Amino acid sequence: MIFSELYDDRLSLLETTMSNKKGSRVPVISLCTTWAYYHAGKLPKHGLEDPEVTKKVLRKLYTDFYWDGIVFVRNGKTFSERTLNLLGGGTYQYDKNGMQQTKPGSVTSMEADEYPELISDPYKFILEKVFPRRYTLMQRNDEQKYNDMKEVMADVIGMFKRNAEEDKIAIEEFGIPQMRAAAFFNPVDIILDYFRDFNEILGDVKRRPQMVRDAGMSLVNFSLDHIGPIQPQPGKSLVIPMHLPQFLNAKDFEKVYLPSFKKVADGIAERGFKALYYFERSYAHLFDYLKELPQGTIGLFEIDDVREVKKKIGKSMCVAGGMPLKLLGKGTKQQCIDHAKAVIDEAAKDGGFLFTTDMMMLSPGDAKAENLQAVNEFVHKYGVY
Amino acid sequence: MDNELMLKKIAAEVMGATTEEEINAIVKSLIRLFIG
């Protein structure tokens, strides 16, 4: 089969499965990002220094392992160190190996008494309050500010071009679809990830829940604006990692997070898109709410056993996950295959299941290459319906 | 120059936006991009 036919076949398989139906086989999906550099004998920083390294690393990833689709290639936004220096700030930094890390103390850019301003006009609040606190660029004199921003934009345009070239390698050279149409956060997670850090927002949820709820509602259009001019396409989804609900009890979740979450989920469905939610840690206490999400929802589960998830809420959404990195990294080949078989037998029997790792593959210890190779080949063959 | 004006100038002169609508859409997308 030539690559374009392979691509079309995989795209159709993904679309069927993501629609919670049974395709010809269980798709094998990659959540691999920086692990690929270590597998190729490189460090992530080598890719930041030379884009050609990343291309070689990706070609090796797609040659050495079987994949039907990829969700992540990179860890979120990858502004270069030069871009971050020009901006003079940001919420992350790189370590000596080029791994992205949240910069301690960098998230907080809003005081508790500023919720009304955020609620009144989120774009204005970010531009006028958050940006000057986050980036020294925004405090420079007119000429310097404009010239530095021009340099930043040249970097960012280059970054988008490189991202497109990397996706093209998967699509055109290997027939592997990129499943991500766009990625963004739910409204209340925007507050957590960009304005109020973890301890602060947990305090807000208890002390001023109505403010958190209302701020979430005011950010609904901000989240949906990420879709912009993109049109829905088969086999693609909007990827939405979720960061706060796993730390909230059901009552607080319903009060502060659910209203804007549901509004965005409905907005996505109304626009004809599918949403892939990355449910980090455990969501077992919130399953009843997840049942209410619209058709076209895909849930990627980290800690929750996908066999139980499929039984409890699998009628309302396509489920993804199943292969623990702990086992891929520490187990034997046979243990990994036995686990994959049990997952396929129980979670995938009625379709609507994407086989993938339970977390993004970042560090060298996240998987032994021989285990990943054996598991993906096994699922590709054993997962035929 | 305030930050909104600076981003509007970037939208017009660097990104090639010509209408007010295009400029405002690009400014909004830059605010989303640089949020964190």
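## Parallel sheet

Two strands are counted as paired if DSSP finds at least two bridges between them. The model considered here is predicted. In it, strand β6 of chain A (residues 237-242) and strand β7 of chain A (residues 275-279) are joined by 5 bridges and run in the parallel sense. Within this pairing, V239(A) is placed opposite L276(A) of β7(A).

The two strands belong to an open sheet of 6 strands with parallel pairing, ordered β5-β6-β7-β8-β9-β10 in chain A. The edges are formed by β5 (180-183) and β10 (353-357) of chain A; each has a single partner strand, so one side of each is left without a neighbour in the sheet. From one strand to the next, the twist averages 25°. In general, strands of a sheet pair through backbone hydrogen bonds, in either a parallel or an antiparallel manner.

## Second largest pocket

The second largest pocket has a volume of about 520 Å³. Its lining comprises 30 residues, of which Y37(A), G47(A), L48(A), T54(A) and T78(A) are the closest to the centre.

Several helices of chain A contribute to this lining: α2 (35-39), α3 (44-49), α4 (51-64) and α8 (142-174) each supply at least two residues. The largest share, 6 residues, comes from α8(A). Divided by class, the lining of the pocket holds 15 nonpolar, 11 polar and 4 charged residues.

## Helices α9 and α11

Helix α9 of chain A (residues 187-195) packs against helix α11 of chain A (residues 209-218) at an angle of about 110°, and their axes are 7 Å apart. Angles of 65 to 115 degrees count as roughly perpendicular, so α9(A) is roughly perpendicular to α11(A).

On the α9(A) side the contact is made by P187(A), V188(A) and I191(A), and on the α11(A) side by V212(A), A215(A) and G216(A). Of the residues in this contact, 5 are nonpolar, 1 is polar and none is charged.

## Helices α15 and α17

For helix α15 (residues 306-313) and helix α17 (residues 333-347) of chain A, the axes come within 9 Å and cross at roughly 5°. The two helices, α15(A) and α17(A), are therefore roughly parallel to each other.

The residues V306(A), R307(A), K310(A) and K311(A) of α15(A) meet H339(A), A342(A), V343(A), E346(A) and A347(A) of α17(A). By class, the contact of α15(A) with α17(A) contains 4 nonpolar, 1 polar and 4 charged residues.

## Surroundings of L327

L327(A) is located in helix α16 of chain A (residues 325-330). Apart from its neighbours within four places in sequence, L327(A) is in contact with Q335(A), C336(A), H339(A) and N371(A). H339(A) is also one of the α17(A) residues that α15(A) meets.

Between L327(A) and M110(A) the C-alpha to C-alpha separation is 41 Å, and the two residues are 217 residues apart in sequence.

Methods:
Residues are numbered from 1 along each chain as its sequence is written. Chains are lettered from A and ligands numbered from 1 in the order in which they are written. This is a predicted model: local features need pLDDT of at least 70, side-chain atom pairs count only at pLDDT 80 or more; totals for chains, interfaces and linings use all residues. Side-chain values use heavy atoms; hydrogens and water are left out. Helices (H or I, at least four residues) and strands (E, at least two) are DSSP runs, numbered from the N terminus. Axes are lines fitted to C-alpha atoms, for helices over the stretch in contact, and angles run from 0 to 180 degrees between N-to-C directions. On a 1 Å grid over the protein atoms alone, a cavity is a set of points where a 1.4 Å probe fits but cannot get out, and a pocket is an open set with protein on both sides within 12 Å along at least five of seven lines; lining residues have an atom within 4 Å of a point. Grid points are joined across faces, edges and corners, and a volume is the space filled by probe spheres set on the points. Ala, Val, Leu, Ile, Met, Phe, Trp, Tyr, Cys and Pro count as nonpolar, Asp, Glu, Lys and Arg as charged, and the others, Gly among them, as polar. Angles under 35 degrees count as roughly parallel, over 145 as roughly antiparallel, 65 to 115 as roughly perpendicular and the rest as oblique. Contact means heavy atoms within 4.5 Å.
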